[in-house]
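Dear colleague,

I am passing on the structure we spoke about, and below it you will find my notes on what turned up when I went through it. Please keep in mind that this is a predicted model.

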Amino acid sequence: MTPMLDTATNPNSQAHPVGRPGDPCVMVIFGAAGDLTRRKLFPALYNLAKERLLSREFAVVGLSHGAMSTDDFRKWIADDIRQYAGKNADADIVEWFLKRVYYVSAEFDDKNAYTKLKELLEEVNRDHTTHQNYFFYLATAPRFFGPVVEQLADAGLMEEANQHWRRVIIEKPFGHDLDSARILNQQLLKVAKEKQIYRIDHYLGKETVQNILAFRFANGIFEPIWNRRYIDHVQISVAETVGVEKRGGYYDTAGALRDMVPNHIMQLISLTAMEPPVSFQADAVRDEQNKILHAIQPLSSEEVLTRTVRGQYGPGTHDGQRVPGYREESGVPPDSKTETFVAMKLLIDNWRWADVPFYLRTGKRLTAQNTHIVIQFRRAPFVLFRDTPVENLMPNQLVLHIQPEEGISLQFAAKVPGPIMRLGAVDMNFEYADYFGTQPSTGYERLLHDCMIGDATLFQRADMVEAGWCVVSPALDVWKALPPRNFPNYSAGSWGPKDADELLERDGRRWRNFEK
């Protein structure tokens with residue numbers, strides 16, 4: 001038997017592990033038969049096992065309403081791991097993992113389900129010595145978040161004693177607006193401590209997002225110029241080429257603003273703009289993020305009309321193929337007023353960022369799939385080049401590429417070879433894959449592992465969730481009172497409505513677009 005096969009019985013046995021393995025624990029997945037579990041969670045757990053980051057004393061319990069035996073569930077999960085984790089999935093690691101997978105068929109609102117779950121957890125704990133550490137992943141519809149956690153508490157499954165821990169992970173959306181977010185937080189905090197609640201945002205599992213803090217605070221050449229004196233403006237773009245796919249029914253009740261801005265984009269803004277934390281302890285980092293979110297200037301009703309843009313895609317083309325407009329998608333009303341694109345101009349009221357605009361945009365059915373943060377620096381004085389053929393000086397741009405390729409690029413000017421003074425743009429590019437190689441990743445590995453070791457740095461606190469909703473509430477209110485009259489207002493396959501370009505052009509700026 002080769003050393004690799006031998007490690008399949010002990011995922012922690014490599015000589016130099018890449019990090020501390022997770023604590024002994026059981027992961028309980030509510031909604032275990034859903035797409036998120038199949039496409040992301042189980043492949044992520046397999047990748048953690050392969051990297052020896054799962055404890056030997058680990059197990060998974062899936063809970064869903066579908067009738068299925070544990071053996072059937074294991075076969076189903078094995079197929080999913082092979083499909084989504086790669087064709088070369090290690091058979092011995094898969095076998096090790098599947099022996100620790102169990103299934104419960106139950107309805108989330110059935111009190112008896114939690115009694116049955118508690119009994120199974122006691123059995124699993126005895127068989128796998130998981131030290132009674134449990135974390136509950138709610139891969140469910142948002143309406144179940146509060147009731148499930150209340151039922152867990154009623155069953156005694158949220159109680160921490162004798163050095164064991166209990167945690168719960170909930171997926172976005174964290175509420176539908178500010179009031180519902182507050183109600184959800186109150187509901188959760190009645191039966192659980194804040195330190196037990198992990199509000200997950202899968203964007204923060206991206207390497208480049210995590211690298212923002214390392215890039216800013218570990219490099220002495222960037223932090224001194226990361227302020228209003230040197231930076232002209234910041235752009236944050238989250239562009240998607242896909243439409244709403246099979247989520248039309250849900251998406252039409254949410255829209256691009258609710259779906260992306262209070263969570264994903266607010267996290268990117270706060271990490272980009274925050275002050276240095278006193279340490280990388282979870283609350284030290286989140287305290288600084290929270291300060292930024294509270295420092296964002298609230299928009300007045302009049303400012304919503306001039307500093308926000310909404311759009312909805314109509315029919316168009318993608319990769320040479322015709323694609324339908326939003327109103328033609330399954331589950332979407334033919335006269336829908338829901339936005340699929342949002343752009344905003346925000347200002348941060350603090351010493352570092354006063355008068356530096358943060359432009360953000362997100363949309364579906366755009367030209368390219370690309371998520372990036374552009375830091376545009378102020379232009380150099382032109383006086384030196386006044387008597388040369390140079391007509392203008394291009395600003396330097398630092399770009400943090402988040403997806404699909406993860407990396408960092410820096411654009412600067414250099415003289416074009418020749419007898420006269422001419423300037424050309426030069427890009428210095430760093431890609432993670434070139435320097436550090438690639439590893440199979442779903443974006444959930446880091447987040448699941450952090451939950452297992454109790455590191456909440458990349459998870460949102462209640463106050464951060466509410467602060468994010470405070471930023472977008474004025475736009476939600478104005479847009480509700482004034483329905484759009486020109487939808488659809490951009491073609492599928494374009495970069496969005498013309499008004500989004502004008503939002504920057506009025507300030508003498510323009511979006512940085514990446515076609516590839």
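The largest pocket holds about 1,700 Å³ of space, and of the 40 residues that line it, the closest to its centre are Leu36, Lys40, His202, Glu245 and Arg247. Sorted by class, the lining of the largest pocket comprises 16 nonpolar, 12 polar and 12 charged residues.

Next, the sheet: 6 strands make up an open sheet with parallel pairing, in the order 3-2-1-4-5-6. Strand 3 (101–105) and strand 6 (197–200) stand at its edges and have a single partner strand each, so one side of each is left without a neighbour in the sheet. On average, and ignoring direction, neighbouring strands of this sheet are turned by 20° against each other. Within the sheet, strand 1 (residues 25–30) pairs with strand 2 (residues 58–64) over 6 bridges, and Met27 has Val60 in strand 2 as its bridge partner. Helix 6 (residues 145–154) packs on the sheet, where it touches strand 1, strand 4 (134–138) and strand 5 (166–171), and its direction makes about 160° with that of strand 4. Helix 13 (residues 445–453) lies across strands 1, 2, 4, 5 and 6, and runs at about 155° to strand 5.

Finally, strand 15 (residues 397–403) and strand 16 (residues 407–415) run antiparallel and are joined by 5 bridges, while a hairpin connects them through 3 residues. Gln397 has Gln411 in strand 16 as its bridge partner.

Best regards

Methods. Residues numbered from 1 in each chain as written. Predicted model: local features only at pLDDT ≥ 70, side-chain atom pairs only at ≥ 80, totals over all residues. Heavy atoms only, no water. 1 Å grid on protein atoms, 1.4 Å probe; cavity = no way out; pocket = protein on both sides within 12 Å on 5 of 7 lines; lining within 4 Å. Points joined across faces, edges and corners; volume = space filled by probe spheres on them. Nonpolar A, V, L, I, M, F, W, Y, C, P; charged D, E, K, R; others polar. Pairing = 2+ DSSP bridges. Helix = DSSP H or I, 4+ residues; strand = E, 2+ residues; numbered from the N terminus. Axes fitted to C-alpha atoms, helices over the stretch in contact; angles between N-to-C directions. Contact = heavy atoms within 4.5 Å.
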